[in-house]
Amino acid sequence: EIDEEYNKQIGTLLGDWTQPRHGQTGLGNFITDAFKTVGQADFALTNSSGIRKGLQAGPITKLNVVEILPFANRLLKFECKGNDLYKIAQTSALGTDSYGVSKIQISGFTFDFSVDSNGKVKVESAKINGKPIDKNATYTGISLDYVIEGRAQRYMGFEPEKIYETGAIDADAVIEYIQQNGEINPNNEQRIKKVGN
């Protein structure tokens, strides 16, 4: 019964999903888009190293999603100020994690950064859902319990004070989003960009 349920086709992938190794990928974009949509948040992020597999174009099954996100992490919403979004950008731009992987994948939030000849990182611009960030406004984010509970400084550069349970699990949110969309055309846009030299 389990095999039958998890081998059901839930959608069709029209191009390959590449596991994040460096930078943004269509798979990372899709996963965070799913979190943002299901959680009705302003933005979403996840740690790149938690995405454990890619997937070739073709049918998508529930098993595929569980293999991509095998840890059954809870999705948590949190509140932050616009100024905190700049902390996320700065923390991400400072480098990759110990595995050489870009630290985060994001949705609803884009930023450009530069690195000068002395290695100093500067966030050049940042937007939330295509609009300038109000540093004093309050925004809602969504991420994994793995990120929020104990690793927020590593991935975001601050500890959220207001955190809420959503009742959703990461893989279930992605499965629901696939079922809503049917045919998936990978979106490989670079939401985090290094500009200049």
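This is a predicted model: local features need pLDDT of at least 70, side-chain atom pairs count only at pLDDT 80 or more; totals for chains, interfaces and linings use all residues.
View 1. The side chain of Lys62 meets that of Glu5 in a salt bridge, with a distance of 2.4 Å from N to O. This pair links distant parts of the chain, since Glu5 lies in helix 1 and Lys62 lies in helix 3, 57 residues apart. Is Glu5 buried, partly exposed or exposed? With a relative accessible area of 29%, Glu5 is partly exposed. The salt bridge between Glu5 and Lys62 belongs to a structure that holds nine salt bridges.

**View 2. Arg74 and its salt bridge with Glu149.** The side chains of Arg74 and Glu149 meet in a salt bridge, at 3.1 Å from N to O. Here, too, distant parts of the chain are linked: Arg74 is in strand 4 (residues 74-81), while Glu149 is in the loop between helix 5 (145-148) and helix 6 (152-156), 75 residues apart. Arg74 has a relative accessible area of 26% and is therefore partly exposed, and Glu149, with a relative accessible area of 44%, is partly exposed as well.

View 3. Glu165 counts as exposed because its relative accessible area is 53%, and the cut-off for exposed is over 50%.

**View 4. The lining of the largest cavity.** The structure holds one cavity of 30 Å³ or more, and the space in the largest cavity is about 40 Å³. Its lining is formed by Trp17, Leu27, Phe30, Ile31, Val65, Ile68, Leu69, Val174 and Ile178. Two or more residues of this lining come from each of helix 2 (26-39), helix 3 (62-68) and helix 7 (170-181). Which element gives the most to the lining of the largest cavity? Helix 2 does, with three residues. When the lining residues are divided by type, nine are nonpolar, and there are no polar and no charged residues among them.

**View 5. A nonpolar patch on the surface.** Ile2, Tyr6 and Leu63 form a nonpolar patch on the surface, and together these residues have about 280 Å² of accessible area. Tyr6 belongs to helix 1 (residues 2-6). Because the relative accessibility of Tyr6 is 34%, this residue counts as partly exposed.

**View 6. Pro20 in its loop.** Pro20 lies in the loop between strand 1 (9-13) and helix 2. Along the chain, Pro20 and Lys36 are 16 residues apart, and their C-alpha atoms are separated by 19 Å.

Note on methods:
Residues are numbered from 1 along each chain as its sequence is written. Side-chain values use heavy atoms; hydrogens and water are left out. On a 1 Å grid over the protein atoms alone, a cavity is a set of points where a 1.4 Å probe fits but cannot get out, and a pocket is an open set with protein on both sides within 12 Å along at least five of seven lines; lining residues have an atom within 4 Å of a point. Grid points are joined across faces, edges and corners, and a volume is the space filled by probe spheres set on the points. Helices (H or I, at least four residues) and strands (E, at least two) are DSSP runs, numbered from the N terminus. Ala, Val, Leu, Ile, Met, Phe, Trp, Tyr, Cys and Pro count as nonpolar, Asp, Glu, Lys and Arg as charged, and the others, Gly among them, as polar. Patches are made of residues with over 30% relative accessible area and no salt bridge: like charges are joined within 9 Å, nonpolar side chains (Val, Leu, Ile, Met, Phe, Trp, Tyr) within 5 Å. Accessible areas come from the Shrake-Rupley method with a 1.4 Å probe; for residues, only the protein chains shown count as cover. A salt bridge is a side-chain nitrogen of Lys or Arg within 4 Å of a carboxyl oxygen of Asp or Glu. Buried means under 20% relative accessible area, exposed over 50%, partly exposed in between (1.4 Å probe, protein chains only).
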